[in-house]
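Open your viewer and keep the selection tool at hand. This tour goes stop by stop, saying what to select and what is there.

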2 protein chains.
Amino acid sequence: MPSARSTTLDANTVRRRNLAAVLDLVHRRRGVTRADLTRALGLNRSTIGDLVTVLVDHQWVDERDDQRRAGVGRPSPLVVTRDRWLVAAVNPELDVIDIGLVSLGGDIVERSRTVVDRPTPAEVVAITARVIGDLAARRPEARVLGTGVAVPGLVRREDGCVRLAPRLGWRDEPLGAMLNAQLGMPVEVANDAHLGARAELTFGAGRGAASLLYLNGGASGIGGGIVVDGRAVTGSAGYAGEIGHLSVDPQGERCACGARGCLETVVRRDALAAAVGLEHPDDDTLDAALQAAVAAGSATVQDALREQLGWLAIALRSAVNLLNPEHIVLGGHLAALWRALSADQREAALADALAVSASAARLDVAELGSTRLLIGAAELAWDRLITDPTEVPLDAVRS
Amino acid sequence: MPSARSTTLDANTVRRRNLAAVLDLVHRRRGVTRADLTRALGLNRSTIGDLVTVLVDHQWVDERDDQRRAGVGRPSPLVVTRDRWLVAAVNPELDVIDIGLVSLGGDIVERSRTVVDRPTPAEVVAITARVIGDLAARRPEARVLGTGVAVPGLVRREDGCVRLAPRLGWRDEPLGAMLNAQLGMPVEVANDAHLGARAELTFGAGRGAASLLYLNGGASGIGGGIVVDGRAVTGSAGYAGEIGHLSVDPQGERCACGARGCLETVVRRDALAAAVGLEHPDDDTLDAALQAAVAAGSATVQDALREQLGWLAIALRSAVNLLNPEHIVLGGHLAALWRALSADQREAALADALAVSASAARLDVAELGSTRLLIGAAELAWDRLITDPTEVPLDAVRS
């Protein structure tokens, strides 16, 4: 691989990387034995022992006996996460700001939803600072070391500037810099669907997949996230994954983006909702209503499902032919659509893609539900912290 | 980055990686000073000196005074490639097998084209073995250490099995294993457009780009290659990049792949050729004829250009919205089409893509012409060799 070639290393870098590799594995598996670490990382037992000791000293992990393996031989100590270091996760939406504190291992340990109509960036900053303070006060033994933000819009990767968030009415808002100045901690900002993909890859339906295509059906459109060789594909400036703007009908209706016949002009939450007589249902309500209507034999709903599936299949074919993903995960109203389909209808979803790629692709619905965006946002903050586990505040460690 | 986290390392691995990083830079830049190596790789002078010495001992590189920097201070020695180790590159096509020996730095030092009509895999193996022998005999001071093959078809990454090469009439042919058994050296096989992308990224129009989308217009269709964060995106099984099979017209003509309205059903070399009254022209002839026709004000040619550009723009919009690439490179008849367009027409190519992604994307024609597939195929073989530069045949080194 070209990129592996161009990495040069000294001894400190090696130690830091090995610490990061151990901590990353404990994080992703939510606890792992020393024996598993030795096997998974290909380092010898004493090296693993030294690395774990450093992580214990820095209050990232604890060790305890592995209760799962009583009996034969000496049990290998289980390395488990501590809740000493937390990150904050923030997801501003049309009518609510969802904020949580997330532990290593991706658990949301505290969460608060603040109702607010189309918040401005300044409101998001003020509410976020207050809520993180409130939530952190419930966890006096912990310390919040970083913040990740999931935004329903196009985010410039390098500085967390929100270039365009149509739902929120934002354009060129330097949200990352504003939050960083207010919170006094590292802040990372990214597109919400990218982070949903990241969460499903690490802890959800895509666990263990090397490549993944995630489609997120939301109130105002369809976003997406791409993972290749285990890495998020952000694009050259952070705007990759806009599967809602694949062309499916060149003669179609004009999209908010200006082009004709984008996927999100024809595969729509409101069309599914209308078919079951609902307005603005949440995902679970829509899901239940569609399944009930299918069970009741509703022809209206079958027509709607058939039409939505037809358009979705065109976009999936383009994306699958371009990316040959191992796993495709559908979230939001696309998950509701998928669950309402018959086995035959599901077969049709990839029928027009190249056979070699279609046969290799597994299609599932997202697993993490309403927690996926906060978990994904937290991953952004963990990325930076896990890269250098000895860089936690030393005064805090000593106290 | 998730994948960086999970890399663990010991001292041997570090040394091997650093050797690889030095050799890779010498390869990609076709020669570099020690001072540049120190700067580019972030290692100190004595470490770089030691690494270069190992590479000299293993006959990969030579050192000589840098003539470019006479005058001020002591000149930094220039590290240049040697032609001691070569790789073979093979590209079987409809009517010819193109075979070359390629040096470090991507120079085709020997080349031979064997005319043969729709060769079978067995014929490719026999001809390749003979031609590599003939070419190697012209270079008695060199030794061929590996072979890369560019196939116009879908290639399974893990074992070099050609799943489908419609032009050649191949299906499930274990070409990699067959060549390996005959040649007695490592053989890597990949899709031709992937390798075109790789060549343009390393030595051509995409030099230095972190992400690239390459579209290759060939006689029987349109292939593609994707690079993200400096790495080739092969897909989960090797079939990524099939941009010729993006949907552009759901009501369109049926494609050879079975779906309707794929890009390659409407953007066609033969349509461009027909507009200028040619049949089966090569790229250069088509290019010259289109430009002459545009200069002469041909309305027929303008109509053809406009139609082809319209369809191409739909596929580019989908791909750009999905991938947010830094660089888009057009090869083959797509390069001829592009060169025949006016500045205004070129503007229209990305006009329907999301503005944030379109404004970040640079669109160019391929630079490497008819050498790009052999250079790309050679890169496959270099990948493996450069990863561990001390693994050259020691008996050969000693002799």
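What is the mean pLDDT of chain A, and what percentage of its residues reach 70 or more? The mean is 92, and 94% of the residues of chain A reach 70 or more. Keep in mind that this is a predicted model. Its scores are ipTM 0.88 and pTM 0.89.

**Stop 1: confidence along chain A**

Colour chain A by pLDDT. Select helix α5 (residues 121-137) of chain A: among the elements of chain A, it has the highest mean pLDDT, 98. Now select helix α1 (residues 2-5) of chain A, which has the lowest, 40. Over residues 1-6 of chain A the pLDDT is below 50. Beyond near neighbours in sequence, this stretch has 13 contacts in the model. Where pLDDT is low, the predicted coordinates should not be read in detail.

**Stop 2: the two copies**

Show chains A and B together. What rotation superposes chain A on chain B? A rotation of 180 degrees does it, with 0.0 Å of shift along its axis and an RMSD of 0.0 Å. The two copies are therefore related as by a two-fold rotation axis.

Next, select the interface. Here 61 residues of chain A are in contact with 61 residues of chain B. Several elements of chain A each supply at least two residues of the side that touches chain B, including α2 (11-29), β9 and α15 (372-387). Which element gives the largest share? Helix α11(A) does, with seven residues. The copies meet through the same surface, because 100% of the interface residues of chain A are also interface residues in chain B.

**Stop 3: a hairpin in chain A**

Select strand β9 (residues 161-165) and strand β10 (residues 170-173) of chain A. They run antiparallel, joined by three bridges. A:Leu164 stands opposite A:Arg171 in β10(A). The two strands, β9(A) and β10(A), form a hairpin with four residues between them. Click on A:Gly169 in the turn: it has a positive phi of about 75 degrees.

**Stop 4: helix α5 of chain B**

Move to chain B and select helix α5 (residues 121-137). This helix of chain B has 17 residues. From first C-alpha to last it reaches 24 Å, close to the 24 Å expected at 1.5 Å a residue.

Which residues of α5(B) are buried? They are B:Val124, B:Val125, B:Thr128, B:Val131, B:Ile132 and B:Leu135. These residues lie on the same side of α5(B), because they cover an arc of only 150 degrees around the axis. An α-helix has 3.6 residues a turn, so residues three or four places apart point the same way. Turn to the other side of α5(B): B:Ala122, B:Gly133, B:Asp134 and B:Ala137 are exposed there.

The buried residues of α5(B) pack against β4 (85-92), β5 (96-103), β6 (107-115), β7 (143-151) and α6 (175-183) of chain B.

**Stop 5: a glycine in α11 of chain B**

Find B:Gly310 in helix α11 (residues 299-323) of chain B. Because it has 15 C-beta neighbours inside 10 Å, B:Gly310 counts as partly exposed.

**Stop 6: a three-stranded sheet**

Stay in chain B. What is the strand order of the open sheet of three strands? The order is β1-β3-β2 (chain B), with antiparallel pairing. The edge strands are β1 (32-33) and β2 (61-64) of chain B, and each pairs on one side only. Two bridges link β1(B) to strand β3 (residues 78-81) of chain B. End the tour at B:Val32, which stands opposite B:Val79 in β3(B).

Terms used. Residues numbered from 1 in each chain as written. Chains lettered and ligands numbered in written order. Predicted model: local features only at pLDDT ≥ 70, side-chain atom pairs only at ≥ 80, totals over all residues. pLDDT = per-residue confidence, 0-100. Contact = placed C-beta atoms within 7 Å. Pairing = 2+ DSSP bridges. Least-squares fit on C-alpha atoms with pLDDT ≥ 70 in both. Expected span 1.5 Å × (residues − 1). Buried ≥ 20, exposed ≤ 12 C-beta atoms within 10 Å, placed from the backbone. Arc of directions from axis to C-beta.
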